[in-house]
Structures are given as structure tokens and as C-alpha cells.
2 protein chains.
Amino acid sequence: MSKKEIGSSSVSTEHLWVHDPREVLRARPNFLLEAMDRADTPGWSGTSREAQAHICSITPVLSMLQERLFAASKEGSQQRVLLVAQGLDTAGKGGIAKHVMGLVDPQGVHLHAFKKPTEEERQHDFLWRIRKALPGPGMIGLFDRSHYEDLLVPLANHQMSDAEFIERVETIKEFEKELVDNGTHIIKVALMVSYQEQGRRLLTRLDRRDKQWKFSSNDIDVRGQWRTYQEVYQRILPETSFSFAPWYVIPADRKWYSRLAVTEMLARTLADMDVDWPTVDYDVEKERERVLATMAPESIEAYDAKREKMIRKAAKKNARIERLAQSLA
Amino acid sequence: MSKKEIGSSSVSTEHLWVHDPREVLRARPNFLLEAMDRADTPGWSGTSREAQAHICSITPVLSMLQERLFAASKEGSQQRVLLVAQGLDTAGKGGIAKHVMGLVDPQGVHLHAFKKPTEEERQHDFLWRIRKALPGPGMIGLFDRSHYEDLLVPLANHQMSDAEFIERVETIKEFEKELVDNGTHIIKVALMVSYQEQGRRLLTRLDRRDKQWKFSSNDIDVRGQWRTYQEVYQRILPETSFSFAPWYVIPADRKWYSRLAVTEMLARTLADMDVDWPTVDYDVEKERERVLATMAPESIEAYDAKREKMIRKAAKKNARIERLAQSLA
């Protein structure tokens, strides 16, 4: 049973989103990180099981929208998506890569995880390595950490003056504006795990042999800066939540919710882009004739016998997914 | 319902492989392409439905083996996998990328599709662009077309002398030997679609609006060279099916079979590599104490209440997948 088949048999779950996650999660100027319950599931009225079912039901939509985006790029469209994921250790950035990006054709996905800058990277402007990793036209890119590390880390370590901060925010704003102007739809998600849940997740990494490789002693040292990082996020998020590239702040103590929310926001963003299958510039009938001229009569006959049914089935499937896509937009 | 859960509830399907696909598909010196029925399903005794069920049942194994490979690289292992996919237009190379590579965590996958060489690429040795796209340690790489295009295309267009052919084969042999010696497990698959089925697939692309963008008028021109390409494949495959990097020639008229066969060969290759979870170099107990010292008593209590059950559940799941993995090796 493929993911698509699961989707097609599911019951409707869209109504379980009582608010658009992009509305309820968006970091506005008056955003208060401290007021956020990290175990909350904003906008979603269903259970974790229903969340799984919902993800299954929108996977074919996501799949089709991704393919259309990809197809459009072959006809010259510059549109693409960039998902930026930030969050402390154990917040679930890797889970977004695996469980959200894993839903679509890997040929249309471009992942990049940014580590501590290398010697070479440090000799360049902080955006140098970021630019090199940007998704091409038609692609869905995911940044696991990003240029926001270049605000977070220096601020947390008190290595950045107010003037430098303001300047860097301005540079980032111009950079993201440039991307948006060139056809990139930016979705920035900050995954916010609570201090206690982070502790439990670190314990789990230590207690399960299949997770021990993910643990580093340094994680506990960085955990010592948890409070500092909250203050830094509180400073950065409202400041860099631009109208053209807002931040979505996601309570991340329930992994199923953060994956659901990111999947939904990605699907709705794609649905809003409303990319149709490209109009081709060749003469379909003429090309059909050329292909037919190369085929054996019995082979054409076998094809023709199934042709109507195949076209009808494909059109029906497309129409069903299309309706689902429109309900998301 | 996740892919993993589907897998866990499936019945055993492994016995439907009556022969190891790597044995029955391998191109040996006496290999005859013409003798191959392209609608055949060598080694597999089940139906297409059972093939779907089998893929579901080995997906968690594939997933775990991929994660172990990835984890091992963090401890310095150089092991990695490179899947090379060759085949004419419509043979299903993209389907392998989508449906086989799509089964595992995209963070562990590195895809590269080689197009007609660019101006810059043509100014370098033919392996220059290939080397740049190789998977890093711990990764599963997929080449959609490869350095074999640099044999196929010049031979098909009569632009390569026998001496040049022999020399280039030698260069490729040394190159692949170098990769293998450095920890790369190479799986080369040639997807072989019949002339009539290629015609039907081109018609389908023309008849379905969601597939029209995949069609290019040039595909029919290349189809005119179908016979020539068969001869060229017949010449190349036995010649470059090295003991350390053999070719597997896959009848590709049934898409479900070629995807099943490649999935199975990938899973068996990973199972044979027998990579275990890395042994960590830190003191687990000491690190546990450090984490516990940062946590609230009620949080520790809540964790401890679930700890035993979580460890038991994870161990059980790992053991089950481990057994499946061993049955593949």
C-alpha cells in the first residue's frame, strides 16, 4: 500500500484545523515567547492519531503540488520554497527533515544542515555559505539551522553590539527580500521545546542504544545556556518576522504537533501559490502521430483499449486532489 | 499511520523471492540482452500487490540500516552506497529516485541527475563532474545517469574508436575500484524497457495533462536510435560488470518489478554491510547524572515512570527489524 493509497481512503480531517496554523503561530511584534505553552497544539482540535490521519490525507496533495512546482520550473518559472528550521538541540529539526520532507519526491527536495562554520566559511561574509545552499527553481529547500545562527550565537555569547545587531538584521531583511522578489516563498519555523522536555529527550538519547550516537556531551553545556537562548529568541523573532517572510513559532514538546503544523503550513503555502501544470509548447496531436508511426499495430490496439479508462482515472484522481488543494488555499 | 507501522503489521513476504535478485539479474560475461524478456520478473514469484506489501514490510529495515550507516559515519566510518541508474527515456530512472529513495530519511540520501554536459563540464575530464556528485560517508547516493553516458553516447553516435573505448573502460574500472576501496558499495542498475512499452509510455505522457511536461519532441528522435542503443548496452554491460561493481540488468516493462528489485538489492546490500549502532566514547552513566542534575524532580519522576516501558518497546522493535535484516543478508 503506497502513501497515496492511504490518503485516498482517508476521511476528511481538514476541519480539525479550527484556525489556520499560519495565523495562530505567526510571531507578531507583541509576541511573548514566555507566554507560550510548549505542549500546546495551537489551531488543531484533533488528537495525535487524527494528526497522523490528516498528514496521510494531505500527502497526495503535497505530492502533486510539489510536482507541479517542479514541472513549472522546466517551463521557466522561478518559483521555489525555502523552509528555514531553527531550534535548540532536540527541538525536532531533524524530525522535520525526515517526516515532512520525507513525504514528497526526493528529486524535488534540497536539504542543507548548517554546522559550526568551517575555517573557509568564516573567511567569507556570513551569507556566503547560505547563498550556496539555496534551492533552485521548482525545488523545496530545507535549512536545518540557517543564517539565523549568525544572530543567535553571537548574541548568546555577548559578542554582538546593538549596532552590529541592527545592521545584521537589516542585511538579513534585504537578503530575504531579494529571495522573495526572485520567486522564493520563505517559511521560517522556530521549534520551541521546553527545558524539562529537552532534559527528557536527552535522557532518551542516553537510554536508547539506537539513539546514543545522536548525543554529544556538549549538548549539556549548551543546555546550560537555555535561558539565555530564550531571551535571544525573544529578541530576534519579532524583529525578523518580516511581512514577506514571517516567523512561525511552534510549540515543540509534542513532536506529532510540530510535524503536523509544518506539513500543513507547507501544503497551504504551495496551495496558495496555485501553480498549474505547464502549458506545453509542442503540438500534442502531431507528436502523438509521430509516436504512433513507430509502433506495432497490436501494441497500439492494446494501448487504445486502455486509453480512455486511464485518462478518466487520472483525471478523476487529479480532480480529487485538486479539490483538496483548493480547500487548503 | 506511518510507513513503519504499515510494515510492522505485514505478513512475511520474503519467501516470494525464490532467487536473490542480485544473482538472477547480474550481467555475466555471456550476458545476452536480446534474450531478456522485458516484462519478466526474475526471481520474484509473487504478484504486483504482494510486491507492494513486501516493499512495505522491508521499509523499516531499510530505514534502520540507512540510519545505522549514517550513524557510523559520525564515528569515522567511510562506508557509503552509490546506486547508479541507467536506462533510456521512460525506462523508470525517475521512479527509482521517487519510489525507492523516497523510502528512507532524505537526510541520508544524495541524488544527482546528470544532464547533457555543460560547456564548463566539457572542458574537464569526463569524471570531473562525477567526482563532484559522489555521496559522502554514511550516505546513500543515487546517480540518475552517470559516467556511463560517456560510453553510451559516443558509441551510439559512432564517435569513439575501439582503442578509445578500451581506454575509457579501463579508466572507469580504476575509478570504480578506487571508490570501492574507499568504502563505497556500488550498485549499478540498467533499466531495460522494450521498444513497444517505450512507445506506450510516450503516448501516456502525451495523453495525460499531468505528464505532458515530461515529454520532449527530442524523445522521439532518440527513440529512433533504440536499436543502436541496445547494441551499445550489449557491448558495455558485460565489459563493465566488474566483480567489485557488477551490473544488474532489470526488465523494466513492469514498473512495480523494477522498483521492487532495486529496493530489495539496496536492502540486501545494506544488510550485508552489517553496520551496527556505533559504540559511543562517552560515559553514559556520567552523562545521565549530568542531565538529571538539570531537571526538576517531578520531571524526572514522570520520565522514570515511562522509562522501562520505552526501553523495552524500542529494544523489541529493534530486535524485530534486526531479525528481518538478518533474513535479507
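The structure is a predicted model, in which local features need pLDDT of at least 70, side-chain atom pairs count only at pLDDT 80 or more, and totals for chains, interfaces and linings use all residues. Residues are numbered from 1 along each chain as its sequence is written, chains are lettered from A and ligands numbered from 1 in the order in which they are written, and side-chain values use heavy atoms, with hydrogens and water left out.

**Chain A as a whole**

- Chain A holds 14 helices and five strands, where helices (H or I, at least four residues) and strands (E, at least two) are DSSP runs numbered from the N terminus.
- Taken along the principal axes, the C-alpha atoms of chain A fill a box of roughly 75 × 45 × 40 Å.
- Of the 329 residues in chain A, 55% are buried, a class that means under 20% relative accessible area, with exposed set at over 50% and partly exposed in between (1.4 Å probe, protein chains only).
- Among contacts in chain A (heavy atoms within 4.5 Å) between residues at least 6 apart in sequence, 84% join residues at least 24 apart.
- Carbon and sulfur atoms account for 49% of the accessible surface of chain A, which comes to about 14800 Å² by the Shrake-Rupley method with a 1.4 Å probe, only the protein chains shown counting as cover for residues.

**Charge in chain A**

- Chain A carries 49 positive and 49 negative side chains, and the centres of the two sets lie 6 Å apart; Lys and Arg count as positive and Asp and Glu as negative, while His and the chain ends are not counted.
- A surface patch of positive charge is formed by K309(A), R312(A), K313(A), K316(A) and K317(A).
- Within this group, K313(A) is placed in helix α14 (residues 297–328) of chain A, and K313(A) counts as exposed because its relative accessibility is 61%.

**Positive phi in loops of chain A**

- T90(A), in the loop between β1 (80–87) and α4 (93–99), has a phi near 75°, a positive value in a residue other than glycine, and T90(A) counts as buried because its relative accessibility is 7%.
- R145(A), in the loop between β3 (140–144) and α7 (149–156), has a positive phi of about 70° although it is not a glycine.

**G108 in chain B**

- G108(B) sits in the loop between α4 (93–99) and β2 (109–113) of chain B, and G108(B) counts as buried because its relative accessibility is 1%.
- Not counting residues up to four places away in sequence, G108(B) touches Q66(B), F70(B), M139(B) and I140(B).

Conventions: Patches are made of residues with over 30% relative accessible area and no salt bridge: like charges are joined within 9 Å, nonpolar side chains (Val, Leu, Ile, Met, Phe, Trp, Tyr) within 5 Å. A salt bridge is a side-chain nitrogen of Lys or Arg within 4 Å of a carboxyl oxygen of Asp or Glu. The place of a charge is taken as NZ of Lys, CZ of Arg, CG of Asp or CD of Glu.
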